[in-house]
Amino acid sequence: MKLGMHTLTEGRGLLFGGDYNPEQWPEEVWVEDAGLMRAAGVNLVTVGVFSWSRLEPEPGKHDFGWLDRVMDLMAGNGIAVDLAIPTASPPPWLGHRWPETLPVDEAGHRLWYGSRNQYCPSSGVYRERSQSITTALAERYAAHPALAMWHVGNEYGEVCHCDESAAAFRTWLRARYGDLDRLNEAWGTTFWSQGYGDWAEIVPPRRAPYIINPTQRLDWWRFCSDELLSHFREQRDVLRAHTPGIPVTTNFMGLFKRCDYFSFAAEQDVVSNDWYPEPGNPKAPALTALTHDLMRGLGGGRPWLLMEQATNGVNWRPHNLPKPPGQFRLESLQAVARGADGLCYFQWRASRFGSERFHAAMVPHAGADTRLHAAVRAHGQELRKLAEVAGEPVPARVAMVFDWASWWALEDRGRPSDRLNATEQLLDYYVPFFERGVSVDVVPPSADLSAYALVVAPNLFLLGDRDAAAMTAYVRGGGVLVVGPFSGVVDPDAHVRTGRFPVPLREVLGGSGEEWLPASEERPVRCRWNGGAPDGAEAGAQAGAQAGAQAGAQAGAQAGAQVGAEFTAHTWTELLRAEGAEVVAEFTEGDLAGSPAVLRHATGEGIAWYVGTMPEPAALAALTERVLADARVSGALPELPPGVEAVRRGDVLFLLNHGTETARVPIPEAAVDLLTGSPAEGSVTLAPRAVAALRP
């Protein structure tokens, strides 16, 4: 069986713990730590993430004695170790002896040690020293009873523009294009006299007088992600050779731009993520849910690990609000609801020194006799009550398509508007599903879409022919597809597709456009619903087939009530025409008055939608009701009060109150709350930040 979270949870249940940095403390504290960990139900700690200089104080000279004692202490207390390969933060001797290992920014400035991440991913010396410490750790701890997982590096994302990186970039380009003729064609180098006659002429996109070639920059993004991935693979392969039965991971950072996590996830045994919701941000619950759904999607639906989160305020935002009591528990259980089988924190004990000394921890500066640590202990103990959800799936009939290459291409300079943001548009489309308790998988364009009733692509600025053909076939086979604005604009070389847009999806969408028209900030874009979707009764019947008469009536009322109503949009408009599609909404003012804003096209066995603007939240919510009715998809519950999140994981229904008021949530069948042991029938009452885990 393939290694994964089940390798870790078998015999342990849900994982609970955090980053443990014993090298920051005298050894007598370690013994106290072990006792506190047992009392809190900790069963996994990450050790050694930033310990390279302690493990190898001089090149080739190792000091493993302290780590031996830590590993033995953890094993003696029944605590598994996620042992880190500490290559994210090289020791000062590396940069001092080999300054070429230090990264160079796009302006040519070398970045020095004294912080972390001070390495060039392409440096041969850095990679050699990385392999050396990886091999030494693998050889020493392969058979240690505490070892449960390997943790390679930390939050990959370093970029370097030095000459060694330039050479590696050229090697990557040779592999991609084969010869300079093909590269010049792909990069469009006849523009601005950029033709290359020798591979040596090609350099990274360094600081230049004006806008860099967009295809060069796109390939640079691709290269940088691949270069970091190759560094991960080198270390992973060493670890697998020594410990084939131990899973290997590295920690992600949500929607992080510099690394294509779909490519990284395919090379890992366990998908793990670091996530720090911002206290006071009203979008945080939905953004967190989206991020968790992405992690589940990266792993093909398999359980994942929340590697880092915070019990309280962090230290790296300009103004770090604290979390109210119960908040970190709510966030932790939200991750469980959305597929996490492990919940870890940064860090176990708050540091007395260093750059993160004001970052929250499981044991604060004030010690264990505190409100916060008492809450940590209580949460660790209650997770045992949820052991049965470990390994259970989060079923989803809706997929949201996201692509790193399209993100990179969209947000380059020289576009019609820099106010088009791939992740903001993704979140805008996600929120109505979140508010309705509709589970979503986040998948790449190349994913098999056949398992989903509804596929939403908020923005696919870059879209290849094969993926466009797969989406077309998906609709004709009975699927429902929603495509957001400024999609299908460029091909994989970032060349604009000529013809009426979106060129590769024009036929399936039943409509096309001829002008992209960024909107003025001074006044909203005014639109009107024309219909073109099921009326109230039909929508009710469709939704009722899946969710019962009550949900059907609700969906029907919301869908039908919008016909003829006006709404506003913002930022972006397009001059469209219908070519077989129904005009569901139209612009009502200015040069676009009377032209389509939203199209709906029934084709083959399915339905395709195109949205040529950025509707306000209420309008996007109304649109979501319509497409859900088309797809015959309903949420986890027929009724969901504002602020309450509902997610089904296996047989368990999780209800989480993110609001500031007590909420009464109707439930369709009698159940038992696994967290309290209390029966529930008819409805559940949730105080702010309360959670219920209901099993029928």
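Me: What makes Phe191 count as exposed?
Reply: Phe191 has a relative accessible area of 52%, and exposed means over 50%, with buried under 20% and partly exposed in between (1.4 Å probe, protein chains only). So Phe191 is exposed. A word on the source: this is a predicted model, where local features need pLDDT of at least 70, side-chain atom pairs count only at pLDDT 80 or more, and totals for chains, interfaces and linings use all residues. Residues are numbered from 1 along each chain as its sequence is written, and side-chain values use heavy atoms, leaving out hydrogens and water.

Me: Why are Arg349 and Glu32 called a salt bridge?
Reply: Their N to O distance is 3.7 Å, and the rule asks for a side-chain nitrogen of Lys or Arg within 4 Å of a carboxyl oxygen of Asp or Glu, so the pair qualifies. Arg349 sits in the loop between strand E9 (340-345) and helix H13 (371-382), Glu32 in helix H2 (residues 27-40), so parts 317 residues apart in sequence get tied together. Helices (H or I, at least four residues) and strands (E, at least two) are DSSP runs, numbered from the N terminus.

Me: Is Arg349 buried or exposed?
Reply: Buried: its relative accessibility is 11%. Glu32, at 44%, is partly exposed.

Me: How do you know that Arg349 lies over the face of Trp25?
Reply: Arg349 is 5.5 Å from the ring centre, and the rule wants NZ of Lys or CZ of Arg within 6 Å of that centre and within 35 degrees of the ring normal. Arg626 likewise has its charged end over the ring of Trp529, 4.5 Å from the centre.

Me: Why is the pair Phe169 and Trp172 called stacked?
Reply: Ring centres must lie within 6.5 Å to pair (Phe, Tyr and the six-membered ring of Trp), and planes under 30 degrees apart count as stacked, over 60 as edge-to-face, the rest as tilted. Here the centres are 6.4 Å apart and the planes at 25°, so the pair is stacked. Both residues lie in helix H7 (residues 163-177), about one turn apart. Phe169 is buried at 0%, and Trp172 is buried at 15%.

Me: What makes Trp221 and Trp408 stacked?
Reply: They're 5.7 Å centre to centre with 10° between the planes. Trp221 belongs to helix H9 and Trp408 to helix H14 (residues 404-410), so this pair ties together parts 187 residues apart in sequence. Trp221 is buried at 16%, as is Trp408 at 4%.
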